[in-house]
Amino acid sequence: MPQQPYQLPDFYVPHPARISPFLEGARAHSKAWAYEFDMIDVPQDGKAIWDEHDFDSHDYALLCAYTHPDATGPALDLVTDWYVWVFYFDDHFLELYKKTQDMAGAKAYLDRLPLFMPVDGPITEVPQNPVERGLVDLWNRTVPSMSPGWRQRFIGTTEALLAESLWELTNISAGRVANPIEYVEMRRKVGGAPWSANLVEYASNAEVPVEIAGSRAMQVLSDTFSDAVHLRNDLFSYQREVETEGEVNNGVLVVERFLGCTPQEAADTVNDILTSRLHQFENTAVAEIPPLLAENLVGPQGQLDVLNYVKGLQDWQSGGHEWHLRSSRYMNNGGKAALGGPTGLGTAASRIISSLVATAPFRIRSHSFVPHQAVGETPLPRFYMPYAAKLSPHLDSARAHVVEWAGRMGILNEVWDLATIEAADLPLCAAGIHPDASPEALNLSSDWLAWGTYADDYYPVVFGKTHDLTGAKIATKRLSEFMPIEGPATQLPVNALERSLADLWTRTAGPMTVESRRSFRAAIDSMTESWLWELANQAQNRIPDPVDYIEMRRRTFGSDLTMSLCRIGHGRTVPAQIYRSRPIRAMENAAADYACMINDVFSYQKEIQFEGEIHNAVLVVQNFFGCDRDRALAMVSALMTARMQEFERLVAVDLPTLFTDFGLDDEVRRTLTGYAEELQNWMSGILVWHQGVDRYKEQYLLKGTAHPPVRVLGGATGLGTSAARLKPRQLVGAQRMDGAL
């Protein structure tokens, strides 16, 4: 046996593994099922996929008996068949398409599979291979007992699992190793764990109530579960995938290449990320799920279903770990995970205490932030920016306008004053991200930037220091009421925050279609609701998990709003499904992450030293790695460069491929090419703005004018005044109007 490339790390396994009493029945059933559908000893296109020894040694029934210990016998049989199918698909796709790098054949193969998963009605397509025939059988046996909502979610995760296999194949063909942010994002889709989470609902007889299925908390449970499952699998499968199969889509390899470290160091880092994701799962289950259930008036049965679902996800983590220790499919010959003591069920619980002890320092560190530490000026890295900045000729008039508008709305009398808005110079940002705007459009863009930045300052000033989450939720709900889809607003504004939003909504949404207004409001709601997440972390004094931070930072920064405004500006030229495609979403996320990290680098001293803020990428990296500011800054800079280079590749390679794959006409191609240029202007404009304003400079901060006396007039919650220091993250609003108007 070849030598292992690293010693398996000491995994965080906080729950004991249990096993189903129906294991042997599932083994016999799944083997007969696999034979029935020609998955064993039947070559495909002349290539052997599995023989009987392969099937027996993989022992998928053992996996399912561990991961679904409380399932009934029939439910375990069906779930095991699903796992046999998905692993067979993976190996079938590997042999026929990954190894041959047959992109055209792979696309045609994957395009057929959704035909065998209709939400309603019978399957009409004729299956042509074991994967298709197995899917027909499984779909017909599963969907009768599940709701339409579950079917739609399961179709979505299954299609993502199948379709994003092309992303893996593209990387293999190009010999390209993804950057860490891209990898986690795409692995979640292609790795299958969200699909597994859906099957937990089936096996546990515990469907997530429809009224909360789309909430942030439930999505985080699924995402953290998925990331932990995938990273665990990467740690066990590195030797087979990277050294034997030539695979480039493995988290350990991704970290190894990004950090330039040894496989052992990379494996330890991946395990730390896995642990952090499980800590996030636990925090969400304890801190976010109970209020979510209460706020949505979920009844007793729904509450029980959610608890059983959470328990089912925990069982899956522990059971999946035990299976990886036993399956011949993976590297499990030695290391702390296997040699730390007996591995039977009776001793699995013995690892819980050691898991808790080993991970306690990171957990404690994440809740031990000391605010207002003197950190000094931040040494700025050399930013990789391949796009030349542009500037609107109407900048000076926009500067005069935004001050007049803010004064008229009352913004300069509540939380902000004249010095604050002048130091921010938000029209400079608008002029860079929207260089071709008319004077009127640039004014409106500047006003949106001012409102978004002001609102992001307002929340910590009014609600943060007092940890008034209830008041913040009431205020957030009221803001949404000033954005009616049809007809006038039913509320009267009582403060500058509401008054200015009502004005902006009328000026911007008036010409829109109803559908566009709905999308636009959802984008704004996404941003304002994300500020509640920041307040909740602040109340816990909890530095966020790195993955959760990156994904939520896009929302706190206003990325959804930005993209919504751009797409609205494109009218009906581009079909909605194109905006949901992987290349477009990846392009948007790469641009958003670059801009978010620009802001975090420039605002580090302001946020850490002057505001006691915990939501900053440099601090998050410091906390995760236990390193100093300069090392964290170097890693953030490297991530920024990687995301920008990914953006460049997406525009140069993936966008033209998208045009061809969807047969897009010239008008749509011009619109999407223009959209990419708008995002380029946006990123370069944001960088120039940060370099030009006083807001983040130490000289300005030390004057004290960054923290003017605060007066909050009235307010939806009747709160009084606060002398809390401001938390102005300027670029929350910096994405509001790029190219949309």
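Which residues in H13 meet which residues in H14?

## Helices H13 and H14

Leu 278, Phe 281, Ala 285, Ile 289 and Leu 293 in H13 meet Gln 303, Val 306, Val 310, Leu 313, Gln 314 and Gln 317 in H14, where contact means heavy atoms within 4.5 Å. The residues of this contact comprise eight nonpolar, three polar and no charged; Ala, Val, Leu, Ile, Met, Phe, Trp, Tyr, Cys and Pro count as nonpolar, Asp, Glu, Lys and Arg as charged, and the others, Gly among them, as polar.

The axes of H13 (residues 263–295) and H14 (residues 300–324) come within 12 Å and cross at roughly 175°. That makes H13 roughly antiparallel to H14, a term for angles over 145 degrees. Axes are lines fitted to C-alpha atoms over the stretch in contact, with angles from 0 to 180 degrees between N-to-C directions. Helices are DSSP runs (H or I, at least four residues), numbered from the N terminus.

## Basis of the model

The model is predicted: local features need pLDDT of at least 70, side-chain atom pairs count only at pLDDT 80 or more, and totals for chains, interfaces and linings use all residues. Residues are numbered from 1 along each chain as its sequence is written, and side-chain values use heavy atoms, with hydrogens and water left out.

## Helices H22 and H24

For H22 (residues 469–481) and H24 (residues 514–540), the axes come within 10 Å and cross at roughly 175°. H22 is therefore roughly antiparallel to H24. The contact of H22 with H24 divides into six nonpolar, three polar and four charged residues. On the H22 side are Leu 469, Ala 472, Lys 473, Thr 476, Leu 479 and Ser 480, which meet H24 residues including Arg 521, Asp 525 and Glu 529.

## Helix H25

Nine of the 11 residues of H25 (residues 546–556) are buried, so this helix is largely enclosed by the rest of the structure. Buried means under 20% relative accessible area and exposed over 50% (1.4 Å probe, protein chains only). Among the buried residues of H25 are Asp 548, Arg 553, Arg 554 and Arg 555.

## Cysteines and a loop residue

Zero disulfides (pairs of cysteine sulfur atoms within 2.5 Å) are found in a search of the whole structure. Cys 261 is buried at 18% relative accessible area, and Cys 627 is buried at 16%.

Asp 436 lies in the loop between H20 (426–433) and H21 (439–464) and is exposed, at 70% relative accessibility. Asp 436 and His 394 are 42 residues apart in sequence and 9.4 Å apart in space, C-alpha to C-alpha.

Technical notes: Helix = DSSP H or I, 4+ residues; strand = E, 2+ residues; numbered from the N terminus. Parallel < 35°, antiparallel > 145°, perpendicular 65-115°, else oblique.
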